[in-house]
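Please read them alongside the coordinates.

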Amino acid sequence: MDELEFLRGFQGDVSEPDEATIGRARTALMERMDIEKSRFLRPGARPLAQMTLPRRWAAPLTVAAVLTVAVALVVTILLPRGGRQAAAAELRRFAAVAVERPAAARLGPGQYYYLRNEGWIQITHATTSDEAYSVRIPIVREYWIGDDGSGRLVDTQAGELLWPGPLDKSRWEAQGSPQLYGPSDQQYGPGELVGPGLDGGALGTLPVGYDFASLPRDPEALYEAISSAAAEREPRAPEEAPQPSSLGTFGLFIELLYTPLTPPDIRSALFEAMAYIPGVTVVLDKTIPGMGTGTAVFVETVMGGARIRLEFLVDPTTSQPLGQQETLLDRAWWVDADPPTVSHSIVYASPDVVESTARRP
Amino acid sequence: MKAMPSDGEAIAASRSDPQRFALVFDRHFATLHRFLHRRVGKDLADDLTAETFARAFGARDRYDLSHDDARPWLLGIAANLIRRHRRTERRRLLAHARMGVHLFSDSEFEVAEGRLDAEAAGPRLAEALATLHPGQREVLLLFAWADLTYEEIARALGLPIGTVQSRLSRARSRLREQLPGFGQEPDESGTRQGTRSGK
């Protein structure tokens, strides 16, 4: 036996970490994942046939001018002033409008749907177990989506980093001012941009390629299907049963309402089904700078001890999604900003059809 | 059937989808915990392992995606955290040296002869580790306890490979000085020389 063999056995009878230890560490890590997930949301698609809906849609954006004042909020009527029924009534009205909205134009040979979002996202990095910094990054995201599941996805930083507070910047500097975001330009071959092929990859995929025919049209059944799919995507320990969250469920609704590929009847049912989300609230005539005025649908949740509101703004006359915004309603340890503070804001541009992935409208 | 993503792929995915990092946690938590447990005891290992993954998650944008295996990176983060607890590690080793506490793995010593040697020499080894230069101890333990290669240790600690090799060589020489008889082949009678008297 040489000294290395001897050393290998020295103090080698340590026990395996127990479940409680692993569970505590996992929970602490997941809280950080949740915090980041809530402010840097990207899509990730799987076929609905597998009952695993795409990751919460949200390529962030808004114009630079909006960045500093995105707090918005001109509220004329708050539903449910008349309670949940009033919110449900407004969503039913949307459902009626949506069913009349024409389906997206069919693609011709070689054509692609082009989607462009712009705004800003907030990303958060934990530096220790109880310290973090957040930064806001103006960004443009563009998608080209072909019928065969091919396409292109481009992310571009559209402005300087924005620091919510001085502490955020000083903590970032103390970490050596690491690069926080890199632009990307990815081409996808047939079938690569859709379905489960990219699951686990660096980039999410678009909510295309769904088996919409498999979705129930009954609003309550549709809500249950989407809620179950959302629960599957919530972070959890392997032995834990899936637990839906209202925020995750709401995120999936937004994904499906955003994509131009969702058929009108599903779009209509989605609006009605949203009324089943616990705590869903509707606000009329809400103006968000850079996004416009519309009807806002939102849910709130508590994360890391702070309330977070996710809002989805819809044109009341056409049911066209206008954008989404997330607001931190309480002071949170991971960002140096007084509440309420907007942690991401995204403006959706209307989809177009282009002749190739090299073309823009 | 789809292959499990490598650590590099999971970390890349986690940059836009944070929960993907859970795969790295599940894959390496026990390894990190065992390594830290051996060095600083269970209670501190509980905290430091959790802290290692929290820091790794926060630093995932800086991970070099050309490396499929994140274990060296994680162990490097753990090594940085241990620096704040060097005195704890040294106290633990010196306590072992003074008290001759039996801390060996049975499976490592199947031959009774070898086991006697190891038990007797344990306190000396603890003392030798405690008095090693911290940089040499770090390299030695990553090599012996974490089974990292020279290249992986260099990556974990941000050192040139030559420095890793020289530190490891010095550390092993130091151990051999402290543990005469180890590193020698059995003589013709099949017995080993030295270290039977223990501390």
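This is a predicted model: local features need pLDDT of at least 70, side-chain atom pairs count only at pLDDT 80 or more; totals for chains, interfaces and linings use all residues.

1. **Chain A overall.** Chain A contains eight helices and 11 strands. It has 361 residues, and 57% of them count as buried. Take the contacts in chain A between residues at least 6 apart in sequence: 67% of these join residues at least 24 apart.

2. **Largest core.** The largest nonpolar core counts 61 residues. Those with the most contacts inside it are A:L7 from chain A and B:F21, B:W73, B:L129 and B:L140 from chain B. Helix α2 of chain B (residues 22-40) gives the largest share of this core, nine residues. Leaving aside residues up to four places away in sequence, B:W73 touches B:I11, B:F21, B:A56, B:A59, B:R60 and B:Y63.

3. **Second core.** A separate core holds 55 residues. Among them are A:A87, A:A88, A:A132 and A:L328.

4. **Helix α8 of chain B.** This helix spans residues 150-157. Its buried residues are B:E152, B:I153, B:A154, B:A156 and B:L157. Their cover includes α4 (71-83), α7 (134-144) and α9 (161-178) of chain B. Just after α8, B:G158 adopts a positive phi of about 70°.

5. **Salt bridges between chains.** Over all chains, the structure has 21 salt bridges. One of them joins A:E16 and B:R34, at 2.7 Å from N to O. This pair crosses between chains: A:E16 lies in the loop between α1 (3-9) and α2 (19-39) of chain A, and B:R34 in helix α2 of chain B. A:E16 is partly exposed at 47% relative accessibility, and B:R34 is partly exposed at 28%.

6. A:D18 is partly exposed at 32% relative accessibility, and B:K42 is partly exposed at 26%.

7. **A bridge within chain A.** A:D338 pairs with A:R331, with 2.7 Å between the closest N and O atoms. Is A:D338 buried or exposed? At 58% relative accessibility, A:D338 counts as exposed, while A:R331 is partly exposed at 41%.

Key:
Residues are numbered from 1 along each chain as its sequence is written. Chains are lettered from A and ligands numbered from 1 in the order in which they are written. Side-chain values use heavy atoms; hydrogens and water are left out. A nonpolar core is a set of buried Ala, Val, Leu, Ile, Met, Phe, Trp, Tyr and Cys residues joined through side-chain atoms within 4.5 Å. Buried means under 20% relative accessible area, exposed over 50%, partly exposed in between (1.4 Å probe, protein chains only). Helices (H or I, at least four residues) and strands (E, at least two) are DSSP runs, numbered from the N terminus. Contact means heavy atoms within 4.5 Å. A salt bridge is a side-chain nitrogen of Lys or Arg within 4 Å of a carboxyl oxygen of Asp or Glu.
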